[in-house]
Amino acid sequence: MSRSSSSSSVDDKTLLLEYRCHPVRPEPSSPICAPGKTSSTTAPNATPLSPLSSPTSAEPRRIILSTDSPAALKVGTQQLIPKSLAVSSKPKNCPSRHQSFGAIREPLSPDPKRVAVPILAVEDEDDGGGGLKRNLRNMSYRAAMKGPGAELEPAKASPSLKPVSEDGSALPNRSPGRNKRTLGRKRVQKRGGSFKDQPRLYQEIRERGLNSVSHESDEDLLEEPLPEEPSPPGAAIVVQSYRPAQVTWSQLPEVLESGILQRISPEERKRQEAMFEIITSEYSYMHSLSILVGHFMRSEELKETMTQTEHHHLFSNIGDILTVSTSFFEDLEKRHQEHPLIPDISDIVEEHASKHFNPYISYCSNEVYQQRTLDKLLTTNPLFKETLKQIERKPECGGLPLISFLILPMQRVTRLPLLLDTVQQKTNAHTAAYGAATRAVKAISKLVKSCNEGARAMERTEQMYTLQKQLEFGKKKPFPLISASRWLLKRGELLLSEEPGIFRRGAGRLCHLFLFNDVLIITKKKSEESYTVMNYATLDQVTVEKVESSDPPSPPPVKAGGHLLRVVLEKDSEGRREEVLLSAETLSDRARWMAALMHREKEKPDTIPKGDLNQVEITRAYMAKEADELSLQQADVVLVLGEEDGWCWGERLRDGQRGWFPQACARPITSRVAAEGNVRRMERLRIETDV
């Protein structure tokens with residue numbers, strides 16, 4: 001469209017506005033034309049809004065927008081007014097607003113059917129460039145809706161309609177073909193195309209390579225919003241939402257300009273995306289670690305609120321973790337900068353996992369001391385708690401709690417095998433790169449196994465030494481607790497009901513149970529750190545059954561809402577048979593105790609194929625509070641083996657660990673294809689990596 005000069009007539013500008021509002025359509029005459037009128041869309045007697053040079057001119061025919069025209073009937077009565085037609089009705093010194101849509105209930109015509117129809121109006125960000133005043137109609141639009149021949153009403157509260165400016169200062173028209181992919185690319189170009197611009201915290205992203213079925217790299221995924229779920233009060237949720245990484249490989253300016261996308265196959269593009277995602281997520285991870293070290297660990301104010309030992313237990317060797325992460329990222333970035341088409345990164349991963357990632361093992365082994373120290377400081381040290389809150393409120397920390405930063409190394413090291421597996425699956429199996437990816441997966445999986453074993457061994461050993469000091473056997477035959485093959489499955493209080501035998505005098509009292517993987521010890525609490533042993537038996541001599549409330553035995557009344565279970569000791573510490581009736585407060589508590597007491601039976605191979613079991617994806621990280629619970633990270637996939645009263649008993653697919661977790665922090669995987677793909681992937685990884 002040519003520029004309109006400043007000397008053009010107002011009629012010409014009016015024609016320009018009408019043409020921009022409704023382009024020419026080669027359609028038949030409007031059905032609203034009365035008999036006797038010509039086939040033109042305007043009446044011959046009507047005064048034209050702008051003169052035509054000649055009937056045979058190449059200028060487009062004038063089209064008047066009407067609610068009864070074919071175009072309006074096709075679109076509907078709720079229409080967006082073109083932004084280019086807007087006029088400023090607010091003072092120029094008024095602050096600009098974000099673009100928004102407001103509903104107006106002004107009648108379009110005397111037709112009562114249309115009176116209550118809401119019409120959408122647009123407010124533009126640039127007030128000087130033209131925006132619609134709230135609750136007022138644009139005059140040209142109102143005239144068009146009333147039909148041809150109507151006179152324009154003078155504006156009372158807003159300036160008259162001005163011609164569209166075609167110079168460079170005008171607001172750009174929105175292209176009808178602009179979609180999510182275009183938006184993503186324009187944002188990348190605006191930021192300079194670097195994933196290092198405005199890095200996100202690692203807690204806020206989720207790598208698409210964690211998905212075992214769909215490893216698509218389409219830019220549309222960047223705009224797909226993830227629902228935020230409210231966190232229940234008191235829940236051990238670390239991070240409540242996550243977002244995908246902000247830049248994909250195919251959006252990089254150097255990739256777009258080089259024309260690589262037209263020369264490579266879709267599978268190679270997915271492989272490039274998977275490798276690039278490891279690089280970008282490592283940078284976000286490194287960024288979060290630098291926040292942890294710079295704002296938390298090196299804070300003199302926070303250090304003064306605790307002892308040197310507590311400071312060491314809390315932060316451990318996180319400085320070494322940051323150092324190895326920085327070195328790892330620098331090697332990855334150097335490979336990426338060599339050429340837009342990344343040849344491979346598997347050799348870099350294998351090198352660092354086998355030779356430089358040992359600090360991860362030490363950090364994960366210290367997890368039990370770290371968690372216990374943080375809990376102690378938060379509950380007993382008000383100065384620490386207040387100082388920590390002030391640091392967490394800093395914009396650099398994103399309002400996230402300290403624990404969400406402390407668990408990052410565990411999260412990262414367990415996600416790397418899945419991300420590398422994605423690279424492997426997108427690599428041609430007959431190439432050297434596939435062999436390198438396989439070796440990298442094994443190296444990082446071996447590291448994860450060492451981290452898990454180190455953390456588990458440290459936790460169990462420390463736990464056994466503590467319990468050995470707390471349990472007083474008195475006249476009972478002492479039982480040696482400390483053993484490399486023994487660990488605690490569950491502990492807690494249950495109400496003791498009257499039963500014949502040794503427990504008769506304890507009826508109606510709370511007893512404290514310690515359930516290990518091979519022995520059950522029943523105690524009564526003497527103090528906060530002391531328990532007197534009432535009886536014990538090895539698990540092979542223990543049976544448990546659920547007692548339904550509809551047919552209870554005849555004990556004294558138990559706690560309101562109590563749920564009963566009967567525990568039978570076939571051979572107790574003195575070789576006698578004892579029965580005890582216990583009451584749990586909730587259904588989930590009873591189910592968890594029964595699952596723990598039947599530990600040996602649950603260790604038997606499952607008869608139901610894993611592909612037939614329900615699966616859930618973890619949407620919010622959960623930190624285990626009890627021994628029978630399962631710590632979970634965002635994007636973990638869990639097989640659901642049982643459900644009770646808002647809790648799920650499940651198996652974490654990535655390592656086979658089982659435990660309970662809140663149903664609220666997971667969402668079901670409904671696609672059978674996805675569920676079967678998850679199982680196949682985990683079975684293959686366990687065979688290939690021996691994890």
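Strand E5 (residues 510-516) and strand E6 (residues 519-527) run antiparallel and are joined by four bridges, where strands (E, at least two residues) and helices (H or I, at least four residues) are DSSP runs numbered from the N terminus, and two strands pair if DSSP finds at least two bridges between them. This is a predicted model, in which local features need pLDDT of at least 70 and side-chain atom pairs count only at pLDDT 80 or more, while totals for chains, interfaces and linings use all residues. Residues are numbered from 1 along each chain as its sequence is written, and side-chain values use heavy atoms, with hydrogens and water left out.

E6 also pairs with strand E7 (residues 530-538) in the antiparallel sense, and the two pairings are set out below.

| Strands | Bridges | Hairpin link | Bridge partners |
|---|---|---|---|
| E5 and E6 | four bridges | two residues | Leu513 and Ile522 |
| E6 and E7 | eight bridges | two residues | Thr523 and Val533 |

Elsewhere, Asp344 lies in the loop between helix H9 (318-338) and helix H10 (346-355). Asp344 has a relative accessible area of 11% and is therefore buried (under 20% relative accessible area, with a 1.4 Å probe and protein chains only). The Asp344 side chain makes a polar contact with that of Ser346 at 3.2 Å (a pair of N or O atoms within 3.5 Å, one able to donate a hydrogen and the other to accept it).

Across the protein chain there are 19 helices and 15 strands, and 45% of its 691 residues count as buried.

Notes. Buried means under 20% relative accessible area, exposed over 50%, partly exposed in between (1.4 Å probe, protein chains only).
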